[in-house]
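Please find my notes on the two-chain structure below. They are set out as numbered points, to be read beside the coordinates.

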Amino acid sequence: MNIFARSLIGLTCLSLSMSSIGKQFDYQLQAKQVAKDTYVVVGKSESFSSANGGNIANTGFVVTAQGVILFDTGPSLRYGTQLRTLIGKITDQPIQLVLNSHLHPDHFLGNGAFSDAPVHSSLKTIQQLQVVGDDLATGLYDLVGDWMRDTQVHMPTPIATGQIYSDQYHDIELIELEGHSTSDLMLYDRHTGVLFAGDLVFFNRAPTTPHATVPNWMTALSRINQLQPRIIVPGHGQPTDGLSAMQQTNDYLIWLAETLTDSAEQGLHFHEVKQLQAPFEQMKLKAFELERSLIHLYRDIEIQHLY
Amino acid sequence: MKSHKCIANGFILGLSISLTSLSQANTNDPTDSPMWDYLKTKYIPNQSYQFDQRIIVQTPLFAEDATQVPITIDATAIPNVEKILVLADISPFQKVLEFTPGKFTPQLSFSMKVQQATAVRAMVLTKSGVWHVGSGLIDASGGGCSAPSIGLADPAWQDYLGEIRARWFSANHLTGEKQRLKFHIIHPQDTGLADSIPAFFIEQLHIDNQQGNTIARLQLFEPVSENPTMTLEKLGTTETLTLHFRDNNGNEFTRQVKP
Ligand SMILES: [Zn+2]
């Protein structure tokens with residue numbers, strides 16, 4: 001097969017060959033307990049592919065006396081369904097509340113598996129999903145294929161921030177910040193000290209920037225710093241004790257902002273800047289995400305450095 | 001995504017290691033694009049050409065934003081370049097731009113729109129009348145998790161139509177021994193394909209020196225991205241130049257660039 005034909009039909013080839021590996025599209029989800037009643041389902045530190053079915057982001061849940069509070073639902077209906085089965089193996093409690101952290105498709109397209117429960121996000125996220133939700137779902141379908149079968153945008157309804165649950169074991173609040181997207185919802189349990197930070201925090205996986213405003217993102221990270229959570233569950237990457245995941249995300253954003261500004265001041269073009277290496281040894285997908293971030297962010301910075 | 005990366009890397013590698021086979025005319029399309037025969041018949045009928053791997057066509061790994069795909073073309077290894085015609089094999093508009101470098105070096109960076117995966121050609125005509133063809137590939141299937149320009153389009157662009165920004169960047173350790181000119185103009189570059197929006201795009205740019213002589217020309221076509229930013233290079237010193245843009249509605253936009 002020649003290169004050109006492969007580039008045209010590469011996706012088809014991949015989805016054919018991977019569907020057999022996928023074993024009936026089983027995401028093989030596993031819950032990892034990070035604190036009392038508190039679980040994380042860690043996604044792969046990869047980009048979307050028909051091999052991983054879009055399972056690249058974390059979901060998590062807290063089992064309370066009133067029911068399960070779920071933070072994000074994954075990339076597809078199949079994921080949502082398998083996540084619900086996994087939760088059912090851990091607790092008999094019903095699903096009390098489902099939250100969507102932000103508009104990105106790897107975080108909310110499993111909503112359809114929870115349509116009998118209240119599914120909420122911020123108002124801003126809903127407004128964005130009304131505009132781009134279907135396109136994001138279609139885009140993911142193109143990238144991961146049949147894993148997405150029957151997945152539809154299941155619209156969340158708005159929820160106010162602030163305390164949503166408290167008893168002697170848990171004191172849970174919702175905090176809305178912005179920077180990774182224009183609305184990033186976090187779930188924080190003051191009692192256990194676990195912060196579900198959504199995509200405001202990445203760990204050992206390069207942050208993504210398709211809807212990012214980097215200065216706002218850094219402000220959001222300083223808010224996280226003030227909270228002093230005991231454990232941070234990032235949107236992508238392993239949960240960490242203490243603040244290291246937040247610090248790594250912050251260091252990366254500083255590096256990215258400085259690199260783009262310096263490059264624009266030198267007059268560099270895209271294909272020169274994309275060669276630069278982020279100095280984070282453990283971080284996956286650095287070159288890939290830098291190239292994407294250049295598309296999202298560099299053009300405006302380039303123009304600002306002209307007269 | 002990984003497989004796409006491999007294809008692109010392999011392709012670039014191929015460019016850099018196969019310099020030996022250049023002396024004899026090579027008419028085998030390195031991209032094996034089904035459109036090449038059509039392209040050559042339409043754009044360079046009965047003219048002599050060869051695929052030439054000395055011409056570097058840099059493309060992204062994938063089109064994260066299909067409306068802004070950055071391309072860098074470098075034909076400085078080809079002596080006596082008259083002009084560079086950039087074509088996209090699979091596109092409603094195959095002609096992307098035509099660059100007559102004049103006093104500039106035969107290389108440029110810009111962004112273009114793509115409809116789907118395509119080969120991009122840098123057709124370099126030498127003063128002796130031979131076409132040297134460089135090729136690159138754009139994989140339009142990537143991206144995902146993004147709808148970059150949604151909500152970012154400035155509804156008030158009319159107020160800024162034709163606003164030009166520009167700057168000379170002196171030679172430095174990153175840009176090499178050449179002086180670099182980067183410029184940007186606000187223009188919608190509408191192709192005429194979208195419903196009820198007529199074609200409206202920059203057609204011509206000429207760059208004049210202080211004596212009023214044109215020292216480089218660019219002809220732009222529909223695929224050049226909205227609000228184009230372009231980078232050109234020049235040996236010698238920076239100098240005061242004037243950029244003259246003209247769009248298909250006859251609007252003219254002018255801007256002087258000082259060192
Ligand atoms: Zn995200």
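**Notes on the predicted model**

1. Chain A contains eight helices and 13 strands. The radius of gyration of chain A is 19 Å, close to the 19 Å that the globule rule gives for 307 residues, so chain A is as compact as a globular protein of that length. The C-alpha trace of chain A spans about 60 × 50 × 35 Å along its principal axes. Please keep in mind throughout that this is a predicted model.

2. What share of the 307 residues of chain A counts as buried? The figure is 59%. The accessible surface of chain A is about 12100 Å², and carbon and sulfur atoms account for 48% of that surface. As for contacts, take those in chain A between residues at least 6 apart in sequence: 67% of them join residues at least 24 apart.

3. On charge, chain A carries 19 positive and 31 negative side chains. The centres of these two sets lie 7 Å apart.

4. The strands of chain A include an open sheet of seven, in the order E1-E2-E3-E4-E5-E6-E7, with mixed pairing. Strand E1 (32-35) and strand E7 (157-158) of chain A stand at its edges, each with a single partner strand, so one side of each has no neighbour in the sheet.

5. At the E1 end of that sheet, the pairing can be followed residue by residue. E1(A) and E2(A) pair in the antiparallel sense over three bridges, and A:Gln33 has A:Tyr39 in E2(A) as its bridge partner. The two strands form a hairpin with two residues between them, where A:Asp37 takes a positive phi near 65°. Strand E2 (residues 38-41) of chain A is also joined to strand E3 (residues 59-64) of chain A, by four bridges and again running antiparallel. In this second pairing, A:Val40 stands opposite A:Gly60 of E3(A).

6. Chain A also has an open sheet of six strands, with mixed pairing and the order E8-E9-E10-E11-E12-E13. Its edge strands are strand E8 (162-166) and strand E13 (240-241) of chain A, each of which pairs on one side only. Within the sheet, strand E10 (residues 184-189) and strand E11 (residues 194-202) of chain A run antiparallel and are joined by three bridges. A:Leu187 stands opposite A:Phe196 in E11(A).

7. Turning to the other chain, how many helices and strands does chain B have? Chain B has three helices and 15 strands. Of its 259 residues, 54% are buried. The accessible surface of chain B comes to about 11100 Å², with 49% belonging to carbon and sulfur atoms. Among contacts in chain B with a separation of 6 or more, residues 24 or more positions apart account for 67%.

8. One loop of chain B deserves a look, and B:Ile78 is a place to start. B:Ile78 sits in the loop between strand E3 (69-74) and strand E4 (81-88) of chain B. Is B:Ile78 buried or exposed? Its relative accessibility is 4%, so B:Ile78 counts as buried, the cut-off being under 20% relative accessible area. Neighbours within four places in sequence aside, B:Ile78 is in contact with B:Asp52, B:Arg54, B:Ile55, B:Val124, B:Thr126 and B:His132. B:Gln256 lies 178 residues from B:Ile78 along the chain, and the C-alpha atoms of the two are separated by 30 Å.

9. The loop between E3 and E4 of chain B also holds B:Asn80. With a relative accessible area of 54%, B:Asn80 is exposed, whereas B:Ile78 is buried at 4%. Phi of B:Asn80 is positive, near 55°, and the residue is not a glycine. Most residues other than glycine have a negative phi, so this backbone angle is worth a check by eye.

10. Where does B:Asn46 lie? B:Asn46 is in the loop between helix H2 (36-43) and strand E1 (49-51) of chain B. Phi of B:Asn46 is positive, about 55°, although B:Asn46 is not a glycine. B:Asn46 is exposed, with a relative accessible area of 86%.

Methods. Residues numbered from 1 in each chain as written. Chains lettered and ligands numbered in written order. Predicted model: local features only at pLDDT ≥ 70, side-chain atom pairs only at ≥ 80, totals over all residues. Heavy atoms only, no water. Rg over C-alpha atoms; globule rule 2.2 N^0.38 Å. Buried < 20%, exposed > 50% of the residue type's maximum accessible area, 1.4 Å probe, protein only. Contact = heavy atoms within 4.5 Å. Areas by Shrake-Rupley, 256 points an atom, 1.4 Å probe, with all protein chains shown as cover. Lys, Arg positive; Asp, Glu negative; His and termini not counted. Charge placed at Lys NZ, Arg CZ, Asp CG, Glu CD. Pairing = 2+ DSSP bridges.
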